[in-house]
Amino acid sequence: MNSTIMPAAFIGHGNPMNAIERNRYTESWKAFGAAVPTPRAIVVISAHWYTNATAVTAMPLPRTIHDFYGFPQELFDVEYPAPGAPEIAELVADVVKPTWVGLDADSWGIDHGTWSVLTHAFPDASIPVIQLSLNAFKSFDHHMEIGRKLAPLREQGVLIVGSGNIVHNLRAVDFSQPDTGYDWAHRFDDAAGELLQDDPTTVLSLDAHRDFTKAVPTPDHFLPMLYIAGLADGQPLQPLIKGYAAGSLSMTAYSLGFDCELDLSGPTAGAAELPANFPALDSNL
């Protein structure tokens with residue numbers, strides 16, 4: 001691995017319960033965190049900061065946000081007290097110019113799309129974390145271009161993580177399929193994987209795929225992948241782990257610039273299951 005350039009990754013995070021369980025996905029996140037060089041800071045593009053502007057968290061002590069409901073108290077008790085990094089926030093705002101990026105000093109923090117992954121990857125919460133928001137009013141091309149512009153951060157010791165799900169359809173969730181996916185979910189996830197492992201910039205063509213509207217009924221969970229695809233700038237991504245949850249969620253993860261083989265000899269269970277009779281559409285899953 002090139003020690004002067006930090007890797008990057010797209011993580012299919014699934015539901016927040018993965019934060020407090022151990023399974024083959026959380027073990028892959030843990031192994032990835034243990035294998036990469038210690039980052040100067042971590043910039044996360046989370047599906048759950050989907051708003052009307054492009055912004056970065058710029059507070060010195062970001063709060064842990066429990067942006068969901070209907071889950072057990074144990075999940076609300078999770079805290080991820082990582083420090084912020086105002087200087088990295090300013091660096092992000094600088095490298096993506098002329099795109100304007102607001103410095104958020106007190107509004108957001110670390111949401112579950114970020115901490116549900118980092119609590120496994122970097123459990124001591126000692127590395128500064130900032131989040132970059134998803135501007136809901138911008139095109140797919142715009143998001144990919146911002147990802148491309150983030151590339152200089154990797155040369156300055158910053159780990160960039162996109163956290164979402166390539167396939168994410170809450171209306172189609174099937175509680176009887178905790179560790180499998182519908183045929184259409186497989187088709188779309190496989191198509192995305194072929195493009196990401198060949199030329200990531202071509203994933204913009206996925207909006208013409210026959211299963212796009214089922215796999216991506218809303219763009220929030222799909223967009224973080226575009227940032228990592230843009231960051232790759234044509235360099236193939238490598239799969240970290242692949243799988244499905246509840247029929248309509250892809251748990252697939254990819255890495256960039258990471259050539260270590262992960263030891264996944266631990267738990268083999270699938271992704272965390274949702275609570276019984278869970279109102280998925282009303283939960284911010």
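Author: One term to begin with: a polar contact is a pair of N or O atoms within 3.5 Å, and within protein one must be able to donate a hydrogen and the other to accept it. Keep in mind that this is a predicted model.
Reader: Okay. So what does the side chain of threonine 57 reach?
Author: The backbone nitrogen of glutamine 131, at 2.8 Å.
Reader: And which strand is threonine 57 in?
Author: Strand E4, which covers residues 55-57.
Reader: Is threonine 57 buried or exposed?
Author: Buried: the relative accessible area of threonine 57 is 1%, and the cut-off for buried is under 20%.
Reader: What is threonine 57 in contact with, leaving aside neighbours within four places in sequence?
Author: Trp49, Ala89, Asp104, Trp108, Gly109, Val129, Ile130 and Gln131.
Reader: Switching topic. How many salt bridges are there in the whole structure?
Author: A search finds seven.
Reader: Why would side chains pair like that?
Author: Side chains of opposite charge can pair when their charged atoms come close.
Reader: How accessible are arginine 148 and glutamate 145?
Author: Arginine 148 is partly exposed at 36% relative accessibility, and glutamate 145 is partly exposed too, at 30%.
Reader: Now, which salt bridge links distant parts of the chain?
Author: Aspartate 190 with lysine 242, at 2.1 Å from N to O. Aspartate 190 is in helix H7 (residues 183-196), while lysine 242 is in the loop between strand E11 (238-241) and strand E12 (244-245), and the two are 52 residues apart. Aspartate 190 is partly exposed, with a relative accessible area of 32%, and lysine 242 is partly exposed with 39%.
Reader: What about lysine 97, buried or exposed?
Author: Exposed, with a relative accessible area of 55%. The side chain of lysine 97 meets that of aspartate 94 in a salt bridge at 3.4 Å, N to O, and aspartate 94 counts as partly exposed at 43%.
Reader: Last one: which residues are linked in a network of salt bridges?
Author: Arg187, Arg210 and Asp211 are linked that way.

Definitions and conventions
Residues are numbered from 1 along each chain as its sequence is written. This is a predicted model: local features need pLDDT of at least 70, side-chain atom pairs count only at pLDDT 80 or more; totals for chains, interfaces and linings use all residues. Side-chain values use heavy atoms; hydrogens and water are left out. Helices (H or I, at least four residues) and strands (E, at least two) are DSSP runs, numbered from the N terminus. Buried means under 20% relative accessible area, exposed over 50%, partly exposed in between (1.4 Å probe, protein chains only). Contact means heavy atoms within 4.5 Å. A salt bridge is a side-chain nitrogen of Lys or Arg within 4 Å of a carboxyl oxygen of Asp or Glu.
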